[in-house]
Amino acid sequence: MTVSGTSGTLFQAGASFVHAAHPTTKLLYAVVTIACSLVVTRLPFLAALALSVCVVLYLAGVWRAFLRATARYLVLLTFFLLVIQGLFREGPSAVLLQIGPASLKTAGVLFAASMVLRIFTMVGAFLVVVLTTHPADLVQAIEQAGASPRVGYLLLATLQLSPEMVERARRIIDAQRSRGLRTDGSLVMRFRGLVPLVGPLFYGSLMSVEAKAMALTARGFFTQRRKTWVRTLAHQPWEPAARIALGAVFVGVVVLRVLGWA
Amino acid sequence: MGLTLTHVSFTYQGTASKAIDDVSLDLQPGRFYGVVGATGAGKSTLCHIFSGLIPHFLKGSLDGEVALDGQPTSAIPIDEIATRVGYVFQNPFDQLSHITYRVDDEVAFGLQNFGLPRDEIVARVTHALEVLRLADLRDRYPFHLSGGQLQRLAVASVLAMSPDIVVMDEPTSQLDPQGTREVFQAVADLRASGVTVVLVEHKVDLLAAHVDELIALGDGRVVCQGSPRAVFASPVFGDLGVNRPQMAELALQLGFAGEAEALPLSPTELMKHYGFEALHAD
């Protein structure tokens with residue numbers, strides 16, 4: 001059996017070296033990159049980190065998928081951070097741009113830029129893993145690394161429950177519409193239309209939890225026996241070196257930060 | 001493998017009334033049992049008892065003895081029961097794992113949990129998919145299947161475990177006629193492979209046509225049990241709030257007074273009973 005079913009996931013099939021890497025190596029990459037983005041404070045280093053994530057996304061061939069998934073949110077976030085931090089950040093600072101009574105301050109813009117770069121790096125590094133690793137492989141790797149199957153289940157079920165939730169929500173909305181509920185029109189009308197959906201959706205989802213737990217019990221999910229994996233996850237020859245390099249990068253970044261250079 | 005219930009009663013934790021009250025049953029290997037009853041009659045509770053979810057998962061007061069091959073189910077670990085008694089839930093959304101992305105991975109889910117050798121898993125998955133006519137869909141995303149296909153997948157995931165007994169709790173309740181036919185065909189396939197089947201179902205016409213024995217529940221008790229004709233002809237069946245098959249009901253309305261085993265269950269049988277066979281032939 002091979003993994004090819006991709007519906008309901010963000011996974012993009014591909015043949016890049018990133019795709020071929022073992023999921024734990026990719027997880028290590030994401031953890032190290034995110035940790036580095038939290039450690040460094042200087043803008044050039046944050047920009048370099050963000051650029052490195054872009055390079056990995058490009059080499060993995062998932063750059064477009066990344067943009068499709070995040071562009072609109074990142075643009076919105078950038079806009080709001082620039083406006084809010086640029087206009088309202090306290091403290092003395094040079095004025096970058098004066099628009100009537102509003103002053104866009106340099107310190108605020110730089111702070112917003114560092115926030116945006118940091119968030120971009122975190123989201124990008126996380127999506128390198130998600131876009132290039134089939135969720136089933138990711139969970140298998142986590143479990144084989146010693147994590148409880150329950151952790152893996154929670155991770156995958158969170159992603160997988162969406163089709164059922166969507167279907168349940170659709171049924172509830174159809175039922176409410178048939179009784180006269182309006183779900184179209186202005187933003188306010190649409191919001192009002194969502195209110196009657198929340199209760200039944202939440203309650204119905206809770207009710208199905210017990211049934212799912214019973215089904216998992218009946219299918220041996222909670223057994224203490226040693227599990228078999230039908231698929232095998234291979235390590236690439238270059239991965240040990242890559243892991244060491246990632247560790248070295250993190251240590252280097254921490255040292256630079258302690259020295260006040262990063 | 002036999003499953004016996006001896007004077008079994010069960011009360012759910014936090015409730016006062018018995019969901020199952022003094023039920024005794026003896027399920028014989030290889031037979032097909034149908035279970036009917038009104039809502040709240042105890043059908044699902046009976047399924048939970050058969051499958052070991054009571055007392056291992058659902059808590060409450062269980063009296064009497066439930067024995068699988070002579071061994072009390074309370075003394076058998078639930079994961080061992082799961083390898084011997086398969087359980088198909090009413091809603092396949094509840095049955096399926098929600099953590100697989102392919103039909104064949106879903107069927108393999110339980111087998112992997114039980115640590116079967118890889119080759120055996122692959123063989124069993126292939127067999128189950130062929131039996132349930134899902135082999136062509138093996139790389140599909142489970143939740144892109146139709147209702148009937150999804151329920152067949154649920155049956156396949158149980159069949160792959162090679163259980164001796166399969167308990168199915170209203171597996172067609174959310175299906176259209178085509179989906180219902182698919183599931184009944186799957187049940188027929190199970191039965192042909194020698195599996196004992198217990199099917200809770202409201203569609204009595206289909207039950208009448210397939211089962212060896214019918215168990216009618218009312219208020220948690222077994223009201224009548226026997227061949228479908230005997231159960232549908234029983235005067236007490238009419239008080240259960242469960243419909244009879246249309247032809248059986250028609251015959252009884254027309255004053256059927258023959259032996260219970262002669263109760264017509266199909267149009268052909270009805271016409272034959274009332275001497276319209278020649279007319280039908282014309």
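This is a predicted model: local features need pLDDT of at least 70, side-chain atom pairs count only at pLDDT 80 or more; totals for chains, interfaces and linings use all residues.
A salt bridge here is a side-chain nitrogen of Lys or Arg within 4 Å of a carboxyl oxygen of Asp or Glu.

**View 1. E106(B) and R219(A) meet across two chains.** The two side chains form a salt bridge, with 2.6 Å from N to O. Since E106(B) sits in helix α5 (residues 103-113) of chain B and R219(A) in the loop between α8 and α9 of chain A, the pair joins two chains. Both residues are buried.

**View 2. D137(A) and R231(A) pair up within chain A.** Their salt bridge spans 3.1 Å, N to O. D137(A) belongs to helix α6 (residues 135-144) and R231(A) to the loop between α8 (187-218) and α9 (239-258), so this contact ties together parts that are 94 residues apart in sequence. D137(A) counts as buried at 16% relative accessibility, and so does R231(A) at 13%.

**View 3. D104(B) and R138(B) form a salt bridge in chain B.** Here N and O are 3.3 Å apart. The pair links distant parts of the chain, 34 residues apart: D104(B) is in helix α5, while R138(B) is in the loop between α6 (118-131) and α7 (147-159). D104(B) is buried, with a relative accessible area of 0%, whereas R138(B) is partly exposed at 24%.

**View 4. Chain A splits into two parts, domain 1 and domain 2.** Domain 1 takes in 17-133 + 232-258, and domain 2 covers 149-218. Taken over C-alpha atoms, their centres are 33 Å apart.

Notes: Residues are numbered from 1 along each chain as its sequence is written. Chains are lettered from A and ligands numbered from 1 in the order in which they are written. Side-chain values use heavy atoms; hydrogens and water are left out. Domain bounds come from an automatic or database domain assignment. Helices (H or I, at least four residues) and strands (E, at least two) are DSSP runs, numbered from the N terminus. Buried means under 20% relative accessible area, exposed over 50%, partly exposed in between (1.4 Å probe, protein chains only).
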